[in-house]
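Please look through the following model with an eye to its sheet, its surface and its backbone. The explanation below takes these topics in turn.

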Amino acid sequence: MLIPLRTTPLRKAVTRFLCRGLVPLLPRSGSDAQSILVISTDGLGDAFLRLGLVHALAQRHGAGQVKILTRASAAPLYRAMGLETLLYRDRCCTSPIHRLRLLGRLRHLGIRQIHVLNFICDEDLHQFFPEVARIGFSHRHEPGRDRFLTRVIPPGDYVGDALAAYGQATGLSGADMDNRQLLPGTGSHPSGRTILLAVGASNRNRMMRLENLAGILRHLLDRLPEAHFVMVGHGPRETDYARGLQQRLPGNRLESRVGQLGLEDLIQQVQGAALVIGFDSSVYNLAFTLRKPTLCLAGDNELVLHRRPWVKPVLGDGLPYGADDGLGCDRLNSVRPDQVLEAVLTLLPWGESERRFRDLDVEAQSIHS
């Protein structure tokens, strides 16, 4: 009698155990090893941060030689560079059949070098190629996995430091996380008074309580009467979240385009916005790499808190408020409307002048009183 494996960690463990025994039986490519394999199987936001490094690899070795193992969400970024993509799905680590099928494809590539660009190197497909150079970041929580790499790069306390170390160790450019030349604008842009609101995140702990964000938006709508807010994101959770915000904030200044944008359209929206507000998400990282004024409603992930002149992380004091709906962490759910407004006014192109008008108004009221 077969017992179904219901938990993902157990399925992963069994799949990896079985594959370690069966992979040596798979045929190899008979051609000379020429391909450069890049493993980038984590999120779309991380792919935006590493896009410059991948571009530098393509320039060094030739686009025809570089193959990218990636999730479908990031594949268009690499295909636009002329790179061949191999799609990675969750089944590739939970199903022995799908994992063996993927490994069979990889063994036919004729690989001579592997770059494991996942910031947390938790996918060990590269262990099955012991004869080639394997470069990647040290596993932050399980350093024992570093034995599968021939060259280990320190992960750093911030992704920018990790990428800089990778670029220095390999002699690659593109570690500055600047995608302005790699993702040039095409087509029409939104109004210069549009504030883009990225309402989603891959982890529920990185999303703010709905009531809290509604209160922050209500404050911004009142204080920025000329701004138009456009919500972006994808997936059923984000769709419900955006619908809940619109129900609490009726009117025509909070538009939802959640679930309506492809990757190219999303990039255009970010390029044309006056400001991007979001959680720790792919849109936040995209805006950062395009050097757009960006505000991050930050949680507990210090690894991706970009601190540059065009980006501001807003952190709470750890004393949460609002109705608990299972979203966010204490630091995120303690961010208050006045904190967000202050940061917005310093980032918006018209924000500084508006703040001066506000201060003058306060001063005039104090004089008359």
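A residue is called buried when its relative accessible area is under 20%, exposed when it is over 50%, and partly exposed in between, with a 1.4 Å probe and protein chains only. The model is predicted, so that local features need pLDDT of at least 70 and side-chain atom pairs count only at pLDDT 80 or more, while totals for chains, interfaces and linings use all residues. Residues are numbered from 1 along each chain as its sequence is written, and side-chain values use heavy atoms, with hydrogens and water left out.

Met177, at 3% relative accessibility, counts as buried, and it lies in the loop between helix H6 (159-170) and strand S7 (194-198); helices (H or I, at least four residues) and strands (E, at least two) are DSSP runs numbered from the N terminus. Most residues other than glycine have a negative phi. Met177, although not a glycine, has a positive phi of about 60°, and Arg291, in the loop between helix H10 (282-289) and strand S11 (294-297), likewise has a positive phi near 60°.

Turning to the sheet, six strands form an open arrangement in the order S3-S2-S1-S4-S5-S6 with parallel pairing, where two strands pair if DSSP finds at least two bridges between them. Strands S3 (84-87) and S6 (151-153) stand at the edges with a single partner strand each, so one side of each is left without a neighbour in the sheet. Strand S2 (residues 66-70) is joined to S3 by four bridges, and Leu69 stands opposite Leu86 in S3.

On the surface, Phe17 of helix H1 (residues 8-22) counts as exposed because its relative accessibility is 57%.
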